[in-house]
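Here are my notes for your review. Please read them with the sequence and the model side by side.

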Amino acid sequence: MDWKGLFDWYDRDGIAYPWGEDRSPYRVWISEVMLQQTVVTAVIPFFRRWMERFPSLEELARTEEGEVLRYWEGLGYYSRARNILKAAKQLKEESEGRFPDDYDLLTALPGIGDYTAGAILSISFGQNRPVIDANVKRICQRQGSQREWSRETERYWRSELQTIIEKTDDPGRFNGALMQLGQLVCRIGSPLCLLCPLAESCRALKEGTVGLIPLKKKRVVTELDSHVLIYETREGERTLWWIIQRREGIGKGLWTFPRMDGGMPLPAGWREKKQLKVRTHNYTKFRETLKPVLLVPVEGKGMEQLPSSALREGEGFWAMAGELANLASPAVYRKIIDELVALTG
């Protein structure tokens with residue numbers, strides 16, 4: 001693997017990582033967790049916003065979970081944000097906010113696994129530890145023309161990358177360049193092989209099998225159809241909506257509106273005031289079609305008219321527009337909230 005050519009490509013065509021010139025463990029940690037499911041260009045605005053609000057681990061450790069989730073909003077996988085907060089509080093309590101430079105101690109922290117630990121140790125502490133994420137795996141598989149990532153493949157490439165990284169003078173730069181090469185050039189679909197600095201050593205390119213590697217696994221997606229029930233009432237001159245905080249599951253701790261099966265009749269005692277834009281929510285193995293319906297009570301009543309299901313589904317309260325803006329919500333519900341608030345002026 002031509003790591004010098006990789007560095008030349010990175011210096012010429014790579015994208016500056018969010019941590020910039022500051023390779024402190026805290027900044028590397030946050031950016032790498034954000035990058036686990038998102039490309040660099042998409043992460044940068046999220047990272048900057050996060051760092052403006054939580055410029056240090058100490059500031060983060062003092063924050064409540066709800067606000068942390070609000071600043072994670074749009075990145076998904078909210079358990080990662082919860083683990084970040086747990087780890088920050090643990091580091092603050094046990095080591096006065098200092099990150100360990102030891103692999104075992106790092107991976108003992110909530111939410112920090114092999115990938116994140118390797119990134120912190122190589123980028124912040126200069127340790128010769130390779131980082132193997134999905135992008136790096138794809139590059140390795142194509143370099144070796146290996147359709148599947150087996151335990152044997154893992155052992156082989158860890159050894160190969162360890163040998164290479166020990167020859168470089170900047171292990172963090174090597175890991176960053178390799179991950180970006182996978183994101184920008186050695187992509188899953190439409191790889192840009194003519195631009196790849198590792199093309200000469202790529203067996204899959206020579207064999208014409210790049211598009212077949214890695215082996216594509218069939219993904220089964222379950223389709224769901226749901227009404228999003230937006231209960232509206234009035235309190236004097238104020239308009240209020242019933243908002244709930246999920247008690248469990250993927251959306252635990254996040255604020256949404258109650259839902260019901262899209263094939264069921266709307267709740268008794270309420271009438272449809274307006275239908276909002278239909279939206280799609282993709283999560284884990286589900287694709288959910290959300291049909292938001294703005295409902296007002298038939299008799300002009302409010303809280304006492306709520307169906308029992310809306311009270312059981314999550315901890316809720318009647319919220320004004322300004323309150324909705326400050327609650328952490330899944331990205332698709334944030335769009336519904338923004339549309340709702342815009343309707344009321």
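1. A term to begin with: contact here means heavy atoms within 4.5 Å. Please also keep in mind that this is a predicted model.

2. Pro 130 and its neighbours. Leaving aside residues up to four places away in sequence, Pro 130 touches Arg 158, Leu 161, Gln 162, Ile 165 and Asn 175. Its place is in the loop between helix 8 (114–123) and helix 9 (134–144).

3. Is Pro 130 buried or exposed? Buried means under 20% relative accessible area. Pro 130 has 6% relative accessibility, so it counts as buried.

4. Gln 183 is 53 residues from Pro 130 along the chain. The C-alpha atoms of Pro 130 and Gln 183 are separated by 17 Å.

5. The largest pocket. About 870 Å³ of space lies in it. The lining of the largest pocket has 29 residues. Nearest the centre of this pocket lie Asp 133, Ala 134, Asn 135, Lys 137 and Arg 138.

6. Which helix gives the largest share of that lining? Helix 9 does, with six residues. Helix 8, helix 9 and helix 10 (151–165) each supply at least two residues of the lining of the largest pocket.

7. Cavities. The structure holds three of 30 Å³ or more. The largest cavity has a volume of about 110 Å³. It is lined by 14 residues, and those closest to its centre are Arg 142, Cys 186, Cys 193, Cys 196 and Cys 202. Helix 9 gives the most to this lining too, with three residues.

8. The chain as a whole. The protein chain has 15 helices and eight strands. Along its principal axes the C-alpha trace spans about 75 × 50 × 35 Å. Of the 345 residues in the protein chain, 46% are buried.

9. Contacts along the sequence. Take the contacts in the protein chain between residues at least 6 apart in sequence. Of these, 67% join residues at least 24 apart.

10. The accessible surface of the protein chain comes to about 17,600 Å². Carbon and sulfur atoms account for 49% of that surface.

How values were computed. Residues are numbered from 1 along each chain as its sequence is written. This is a predicted model: local features need pLDDT of at least 70, side-chain atom pairs count only at pLDDT 80 or more; totals for chains, interfaces and linings use all residues. Side-chain values use heavy atoms; hydrogens and water are left out. Helices (H or I, at least four residues) and strands (E, at least two) are DSSP runs, numbered from the N terminus. Buried means under 20% relative accessible area, exposed over 50%, partly exposed in between (1.4 Å probe, protein chains only). Accessible areas come from the Shrake-Rupley method with a 1.4 Å probe; for residues, only the protein chains shown count as cover. On a 1 Å grid over the protein atoms alone, a cavity is a set of points where a 1.4 Å probe fits but cannot get out, and a pocket is an open set with protein on both sides within 12 Å along at least five of seven lines; lining residues have an atom within 4 Å of a point. Grid points are joined across faces, edges and corners, and a volume is the space filled by probe spheres set on the points.
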